[in-house]
Amino acid sequence: MGTLSTPVPAERKQPSHEPSRVALVGVHGFGAHHLQNLERLQANGVVRLVAVADPNPPTPGALPPGTGVFSNLDELLAGTPALDLVIVATPIQTHAQLALTTLPHADLYLEKPPVASLADFNRLQEAATAAGRSVQVGFQSLGSRGLQAIEDLLAVGEIGTLLGISATGRWVRDRAYYKRSRWAGKRSLDGIDVVDGVATNPLAHAIATALRIAGARTVDDLASVETDLYRANDIESDDTSVIRIRTAAGLPITCALTLCAAESVEPYITLQGSEGTAVFHYTEDRLGVSSAARERETVYSRVDLTEDLLEHRRQQRFPQGPPTAAPLISPLADSGAFMRVLEAIRTAESPALIPEQYVAWEGEGDAARAVIVGIEEALERATAAHATFSELGLPWARPAAVDVERPVLGLPDGGEPGASVIETGQGAAVVLATVQSGAGLAARLSPRPYLHPVRSLGGVKVTDHLPADHPWHLGAGFALQDVNGTNFWGGKTYTRAAGRYEERQDHGRIIELSAASGPGLLEQELSWQAPDGTELLRERRTTRSRLIDPRTWQLDLATELTAVVDSSLGGPGSNGAAGSGYGGFFWRLPACAEAEVFTADRHGEPDVHGSASPWLAWTADFPEGPASLVFAAPDAEQDPWFVRMSDYPAVGSALAWDRPVELAAGESLVRSMSVWIVDAKLSPAEVAKLTAARGSAAQ
């Protein structure tokens with residue numbers, strides 16, 4: 001884009017109580033909505049539409065009598081004196097130049113996004129200040145009185161402390177949508193920035209509203225912006241993305257948006273509080289609040305942004321009371337935070353094309369629309385965990401960043417970083433397990449190393465991570481909810497004093513200090529650290545893999561926990577939550593069908609949960625095929641089994657079922673688990689035969 005000059009303020013017209021003289025630039029697209037609104041305001045004697053500008057003239061009869069029609073803004077300004085307000089509703093890439101041209105002559109209503117780059121935004125702010133003009137940006141959702149209601153409920157603590165905000169948008173757009181103009185779906189056009197993506201245009205209000213709720217208005221109100229951009233359509237820009245934001249105050253905001261949903265759903269903002277949640281459907285001005293005290297839903301009215309700007313002008317020119325006019329609802333300066341998000345999208349790597357096997361096309365011709373398979377669940381997972389699509393490990397997403405210097409488990413030539421690889425004997429190497437550091441996870445998830453995905457020899461995925469129901473469930477690994485009052489599990493903490501789960505700022509993290517690897521072996525030195533960085537435990541974790549037969553491989557996990565200080569190792573069970581003794585070894589399974597869980601003498605969740613048995617088997621039909629997992633611990637380490645099937649699929653070995661484990665400083669605790677992953681649904685007799693040889697298999 002060429003250099004834009006700074007305009008010089010023009011002489012203001014004398015105050016008058018006559019209707020404000022308004023011009024509209026762009027009468028098609030969203031400009032048609034402005035025409036309807038101006039017709040309403042003119043009927044009420046508030047404005048007079050004196051001129052419009054558009055290279056494509058409006059249809060006859062679409063304008064009030066006497067309205068001047070021009071082909072461009074320059075002609076309009078030359079032929080229309082004494083303007084009060086100009087509304088610009090034109091393509092994104094034209095906003096900057098049209099706004100700068102307008103400011104010497106009139107106040108400005110500028111449709112969103114205000115401009116297509118942060119540099120142009122800064123230039124426009126300087127020009128508005130120099131001209132002494134007011135600029136309202138067309139984020140209509142910010143006019144909702146529901147936003148004041150949200151501010152009020154947060155102030156009184158109705159949902160407790162605000163922990164995070166998410167925005168979810170699931171809309172449908174067909175091929176015709178991207179053929180509506182030359183600039184549709186473009187990142188740039190003829191060398192000029194456009195940035196017409198899901199987050200910057202159709203669902204820009206989702207981001208703008210989330211930012212306003214978070215109190216983030218200016219560029220400096222944001223600490224970071226991360227983007228994860230994709231496209232299923234044949235366009236340049238993104239149609240499906242996660243935008244992860246952290247405010248300067250440390251509040252996470254995650255926006256998961258798509259134009260490739262199975263059906264359109266009204267977008268919504270979710271406020272996660274320590275004592276409840278609030279969900280704001282901003283297109284409907286509808287706010288639902290759920291807390292321990294009550295549930296309620298209210299629909300609010302909305303202030304029209306054009307009227308707000310006109311009233312602001314009136315108060316400036318004819319003050320009758322306070323000497324200062326009420327601030328605009330959506331002034332240009334308050335779009336700074338949004339513009340920083342737009343700039344991150346503009347400068348990001350081009351959106352990745354989603355492979356065709358993950359996209360279903362519905363409809364024919366220009367009415368055809370792309371539907372990303374499973375996108376609804378992906379959006380839900382992303383917002384629940386404040387995670388990107390890459391971090392979720394979605395099959396169509398870019399691989400998550402891997403530390404290439406990190407030692408890996410069983411990595412032969414041509415293998416994948418962080419993967420356990422077994423030679424099958426047929427000359428093919430199968431990636432069986434990937435070691436995740438967990439370092440980039442949100443603090444509330446208690447970041448820690450874990451295995452995911454873990455697969456059978458036949459490629460059946462048998463772990464899950466970051467599920468929407470419990471985003472702190474992380475594949476396979478070791479974790480505890482209470483070590484001297486620090487939560488290394490994630491989520492809410494159950495305390496004996498409260499007798500319930502509470503949202504607390506008590507989450508620790510487990511970090512890798514060193515690692516050594518060889519074929520089928522990974523040895524890690526780990527540090528369990530409290531929120532203030534104090535080390536509570538030192539762990540030596542060993543992970544081994546070996547091939548048993550053409551359909552079976554064995555995973556051995558062992559941990560030696562050494563107390564750095566006198567330590568109490570516990571969890572909900574040891575803190576009084578009967579039957580909730582999870583903590584220690586834990587394996588989160590993916591969604592599956594026809595699942596069965598059994599031991600040598602028990603069958604089903606109610607009987608197996610809480611029992612102690614040499615082994616436990618889980619068989620099911622997983623999305624990729626049938627498989628069995630057989631868990632076994634040495635006789636000396638038979639902690640009670642923790643099992644969930646009806647709520648979610650998971651198996652654990654409970655270290656502190658109903659009482660804590662006390663370790664003096666320097667004292668160690670050892671636990672181990674063998675897991676056989678089999679490409680078949682085994683019978684109890686087949687499981688018994690498999691586990692009978694575990695002693696020799698572990699050697």
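F139 and F338 are both buried in this predicted model. Their ring centres lie 4.9 Å apart with the planes at 65 degrees, and because planes over 60 degrees apart count as edge-to-face, the pair falls into that class. A pair of aromatic rings is described by the distance of the centres and the angle of the planes. With ring centres within 6.5 Å taken as the criterion, the count comes to 16 aromatic pairs. Ring pairs also join F478, F585, W587 and F631 into a cluster.

Aromatic rings also receive charged groups. R175 lies over the face of W361, at 4.1 Å from the ring centre. In a second case, the charged end of R180 is placed over the ring of Y177, 4.0 Å from its centre.

Turning to helix packing, helix α1 (residues 31–43) and helix α7 (residues 305–317) have their axes 10 Å apart and pack at an angle of about 50 degrees. The two helices are therefore oblique to each other. On the α1 side the contact is made by H34, N37, R40 and L41, which meet T306, E307 and L310 of α7. Sorted by class, this contact has three polar, two nonpolar and two charged residues.

Most residues other than glycine have a negative phi, and most peptide bonds are trans. Against that background, a cis peptide bond with omega of about -15 degrees joins K112 and P113, and P113 is located in the loop between β5 (107–111) and α4 (118–131). Another cis peptide bond, between H452 and P453, has omega of about -5 degrees. Here the proline, P453, is placed in strand β22 (residues 450–454).

V195 sits in the loop between β9 (192–193) and α6 (204–213). Its relative accessible area is 6%, and since buried means under 20%, V195 is buried. N484 likewise has a positive phi, of about 55 degrees, and is found in the loop between β24 (482–483) and β25 (493–495). At 36% relative accessibility, N484 lies between the 20% and 50% limits and so counts as partly exposed.

Terms used. Residues are numbered from 1 along each chain as its sequence is written. This is a predicted model: local features need pLDDT of at least 70, side-chain atom pairs count only at pLDDT 80 or more; totals for chains, interfaces and linings use all residues. Side-chain values use heavy atoms; hydrogens and water are left out. Rings of Phe, Tyr and Trp (its six-membered ring) pair if their centres lie within 6.5 Å; planes under 30 degrees apart count as stacked, over 60 as edge-to-face and the rest as tilted. Buried means under 20% relative accessible area, exposed over 50%, partly exposed in between (1.4 Å probe, protein chains only). A charge sits over a ring if NZ of Lys or CZ of Arg is within 6 Å of the ring centre and within 35 degrees of the ring normal. Axes are lines fitted to C-alpha atoms, for helices over the stretch in contact, and angles run from 0 to 180 degrees between N-to-C directions. Helices (H or I, at least four residues) and strands (E, at least two) are DSSP runs, numbered from the N terminus. Angles under 35 degrees count as roughly parallel, over 145 as roughly antiparallel, 65 to 115 as roughly perpendicular and the rest as oblique. Contact means heavy atoms within 4.5 Å. Ala, Val, Leu, Ile, Met, Phe, Trp, Tyr, Cys and Pro count as nonpolar, Asp, Glu, Lys and Arg as charged, and the others, Gly among them, as polar.
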